[in-house]
Protein chains: 2
Amino acid sequence: MPDVEDTLTNALRRRIIDGEFAPGTRLSEISLAEKLGVSRNTLREAFRVLAEQGLIEHVPHRGVSVASPGVADVVDIYRARRYVEPAALAAGSPLHPAVAAMREAVEQGETSLEARDWRTVGTANMAFHDAIVALADSPRLERLFRDIAAELRLAFLEIDNPEALHAPFVTRNRALLETFLEQGGPAAAAELQDYLVLSERTVLGAFTRLRHG
Amino acid sequence: MPDVEDTLTNALRRRIIDGEFAPGTRLSEISLAEKLGVSRNTLREAFRVLAEQGLIEHVPHRGVSVASPGVADVVDIYRARRYVEPAALAAGSPLHPAVAAMREAVEQGETSLEARDWRTVGTANMAFHDAIVALADSPRLERLFRDIAAELRLAFLEIDNPEALHAPFVTRNRALLETFLEQGGPAAAAELQDYLVLSERTVLGAFTRLRHG
DNA sequence: ATGGCACCGATTGTTCAACAATAATAGCCG
DNA sequence: CGGCTATTATTGTTGAACAATCGGTGCCAT
């Protein structure tokens with residue numbers, strides 16, 4: 001049964017992102033390998049990949065645990081986002097295929113918002129920003145964003161107040177898309193800067209509130 | 001003999017970057033494991049990490065080979081650099097510790113240039129840009145740059161004309177540092193934009209010249 | 001009781017040997 | 001000479017084994 005590896009990595013990745021293993025959870029090689037029906041060695045290869053992506057944390061001789069991003073991580077993630085996303089939007093063409101993905105993400109967000117399905121709202125929000133990055137046509141920047149978006153999802157899982165985290169940004173996504181199409185990239189980039197500052201503040205606020213009970 | 005893994009990954013990484021295995025070289029698990037004195041399984045874990053970093057390419061059932069970046073990769077690498085480096089410089093503080101590293105890299109480059117030690121000139125150039133990215137104080141952006149800088153070194157190895165690639169930029173580094181200190185980040189960022197465009201053109205020119213004999 | 005210390009158990013780190021699955025190659029046939 | 005098949009070398013994966021390390025347990029001395 002070869003080629004399990006990539007599938008295994010992706011499966012694990014999805015399950016972690018979906019919150020099946022809470023952030024901070026220790027992942028035992030033996031029990032997890034048994035549970036997944038693979039050998040320890042194969043599982044360890046997947047671990048190395050996920051650790052490199054920042055989804056799990058590896059401490060020598062103490063195994064791996066699901067990453068649990070702290071305040072410093074969130075700050076850094078948003079810093080990176082502010083470097084990449086507004087620039088991608090500013091230089092992006094309205095004719096770029098990713099614009100369709102942006103529009104779909106906006107609509108998906110609106111639909112899910114109405115259904116009060118916060119988790120899906122969060123997914124749609126991420127898809128929206130993913131599409132923004134895709135405007136840059138840069139595989140390496142897309143990979144960076146994929147990784148930090150996954151980490152951010154873990155941070156969201158820690159907070160576990162999806163409505164407050166995701167709901168406010170659906171209308172902002174719509175507005176941002178319209179600004180981009182009607183006023184062009186630079187105007188949208190400026191708007192996105194504020195957007196990201198607000199988003200960061202929202203996440204950090206929820207974080208510190210957590211720490212204080 | 002535990003904990004070999006991280007050491008092994010770093011050792012392999014250094015040897016690849018240093019050109020011990022030419023870009024495109026196929027890395028056989030059996031022979032390389034024997035050569036390095038580790039087991040296949042351990043080596044495979046290191047492979048997974050390096051593949052994730054883009055240093056080696058993994059094709060299922062065909063093994064791994066040292067990455068050999070093509071024109072598209074170089075273009076993308078420079079695109080990513082233009083997203084990150086000028087912004088880091090624009091927002092960077094002259095009091096940041098990384099400025100010392102920038103200065104050291106400039107001086108190292110000048111010394112090596114005089115000695116006509118092109119390889120060291122290249123290393124100093126990379127250290128200079130690494131320091132620029134460090135201005136952003138972002139571990140994730142630093143990691144991105146570390147990876148694409150490594151890939152770029154592989155591209156340089158393919159070209160193998162280190163003088164043309166590295167020598168012209170020593171004086172530019174000095175000038176850029178002075179602009180940053182005397183005129184501030186935004187002015188330096190603008191200068192760096194042109195710098196990177198020129199650098200990209202240099203690399204791409206050498207590339208296409210390669211293809212034509 | 002308490003603080004430090006040696007031991008013990010559980011887990012990770014690593015190796016080895018084996019087999020399955022695949023891709024490239026070589027050789028065969030038409 | 002081109003296409004098909006068989007061979008072969010390599011990767012993919014497994015299971016078992018042992019070494020090394022970490023954390024905790026319980027003992028001992030104060």
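This is a predicted model: local features need pLDDT of at least 70, side-chain atom pairs count only at pLDDT 80 or more; totals for chains, interfaces and linings use all residues.

Me: Is His61(A) buried or exposed?
Reply: Exposed means over 50% relative accessible area. His61(A) counts as exposed because its relative accessible area is 65%.

Me: What is the phi of His61(A)?
Reply: Most residues other than glycine have a negative phi. His61(A) is not a glycine, yet its phi is positive, at about 65°.

Me: Where is Asp137(B), and what is its phi?
Reply: Asp137(B) sits in the loop between helix 6 (118-134) and helix 7 (139-159) of chain B. Asp137(B) is a residue other than glycine with a positive phi, near 55°.

Me: How does Asp137(B) count by its relative accessibility?
Reply: Buried is under 20% and exposed is over 50%. Asp137(B) has 44% relative accessibility, so it counts as partly exposed.

Me: Is Glu85(B) buried or exposed?
Reply: Glu85(B) is in helix 4 (residues 71-91) of chain B. Its relative accessibility is 0%, so Glu85(B) is buried.

Me: With which side chain does the side chain of Glu85(B) make a polar contact?
Reply: Leave aside neighbours within four places in sequence, and Glu85(B) is in contact with residues including His129(B), Phe145(B) and Leu192(B). The polar contact in question joins two side chains at 2.5 Å. The partner of Glu85(B) there is Arg81(B).

Key:
Residues are numbered from 1 along each chain as its sequence is written. Chains are lettered from A and ligands numbered from 1 in the order in which they are written. Side-chain values use heavy atoms; hydrogens and water are left out. Helices (H or I, at least four residues) and strands (E, at least two) are DSSP runs, numbered from the N terminus. Buried means under 20% relative accessible area, exposed over 50%, partly exposed in between (1.4 Å probe, protein chains only). A polar contact is a pair of N or O atoms within 3.5 Å; within protein, one must be able to donate a hydrogen and the other to accept it, and residues adjacent in sequence count only if both atoms are side-chain atoms. Contact means heavy atoms within 4.5 Å.
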